[in-house]
Amino acid sequence: MQQHEALAFSDLIAGAWEAVGRNLTGRAVVIMFESLKSHSLEAVQKAVSLHSRGSRGRNPPTVADIEEIIGGHTSTIGADEAWGLAVQAADERNSVVWTQPIAQAWGLAQPIYRAGDEVGARMAFRAHYERAVAACREQGIQPVWFISQGNDPVLLGAVVESNIQAGRLPNSAATVFALPAPSQGIAGLIESAARQVSTGEDTDTARENALNALSVMRKFLSQEVDIETGFRLRQEARNLFDSHRQKKLGCLAEFAEIRGESL
């Protein structure tokens, strides 16, 4: 998960806990997010849904519950999907994110593929991959996703980013492979808007800031800031909007009162 998904994650987890009559502290949500952020938000959502529908649904989902469910559903993929990943390694420019069973099966199938027999290579790959996956299951081993780096840095960046989003690589992979960090301009804009309106200025500028807070929060989704800052900024934006709304309601009430007296 990315930092901008922290708010959606907090709503998801808090809702799951409330459904069984339990509450979470903000700090507990932060800890759960940090523990699970190597997975995609979609994977976590599916895991929470499966937990709620299963026999464990009488209790709130814990980090261990979610990890167990995700591990059973995302670590191993079918032979056809695995082949689709493996065959990309035929081009040395490509970076490939795969598991050890996929890499091993490709190692056996690659000479056949390079000899021009794609059908034979695929059959050899499938046979070895399915045996390797079965062996992992028997031994209780969850295959681990890792990256085989190609020669093209541009392609590398795209592969790393997409696999972080898919939950196959941790967020730290972006740092390890030196992906460019997103701009911090939007987060700074939210901070500025919050500071200006918190002074209580009843000016056109303050009004503009209050209205801008809503659109800024949308832009905030493209930013990576720490989760606690994200919670604070969202609350400030809400307070900002509520403050402006209350002022407008006050003006309307005063206007209605004046009209009532003049009638």
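**Notebook: salt bridges, cores and a helix**

I started at Glu130, which is partly exposed, with a relative accessible area of 41%. I note that the model is predicted.

**Entry on the Glu130 pair.** I looked for the partner of Glu130. Its side chain meets that of Arg126 in a salt bridge, with 3.3 Å from N to O. I checked where the two sit. Both Arg126 and Glu130 belong to helix H7, four residues apart, or about one turn of the helix. I recalled that an α-helix has 3.6 residues a turn, so residues three or four places apart point the same way. Arg126 has 31% relative accessibility. Because buried means under 20% and exposed over 50%, I logged Arg126 as partly exposed.

**Entry on Arg122.** I moved to Arg122 and found a salt bridge with Asp80, whose closest N and O atoms are 3.3 Å apart. Which parts does this pair tie together? Arg122 lies in helix H7 and Asp80 in helix H5, so the bridge joins parts 42 residues apart in sequence. Arg122 is partly exposed at 36% relative accessible area. Asp80 is partly exposed too, at 43%. I then saw that Asp80, Arg122, Arg126 and Glu130 are linked in a network of salt bridges.

**Entry on the other bridges.** I looked up the total: the structure holds six salt bridges. One of them joins Glu34 and Lys37, with the closest N and O atoms 2.8 Å apart. Glu34 is partly exposed, at 35%. Lys37 also counts as partly exposed, at 24%.

**Entry on the cores.** Next I turned to the nonpolar residues. The largest nonpolar core has 29 residues. Which members touch the most others? They are Ile77, Trp98, Ile102, Trp106, Phe125, Tyr129 and Val160. Elements giving two or more residues to this core include strand S1 (96–98), helix H6 (100–114), helix H7 (118–139) and helix H8 (153–165). Apart from this core lies another, of 18 residues, among them Phe9, Ile13, Leu36 and Leu41. I picked out Trp106 and listed its contacts beyond four places in sequence. They are Trp83, Ala86, Val87, Ala89, Ala90, Trp98, Tyr113 and Phe125.

**Entry on H1.** Last, I looked at helix H1, residues 6–19. H1 has 14 residues and reaches 20 Å from first C-alpha to last, close to the 20 Å expected. Which residues of H1 are buried? I noted Ala6, Leu7, Phe9, Ser10, Ile13, Ala16 and Trp17. Just after H1, Gly21 takes a positive phi of about 75°.

Definitions and conventions. Residues numbered from 1 in each chain as written. Predicted model: local features only at pLDDT ≥ 70, side-chain atom pairs only at ≥ 80, totals over all residues. Heavy atoms only, no water. Expected span 1.5 Å × (residues − 1). Buried < 20%, exposed > 50% of the residue type's maximum accessible area, 1.4 Å probe, protein only. Core = buried A, V, L, I, M, F, W, Y, C linked by side-chain atoms within 4.5 Å. Contact = heavy atoms within 4.5 Å. Salt bridge = Lys/Arg side-chain N within 4 Å of Asp/Glu carboxyl O.
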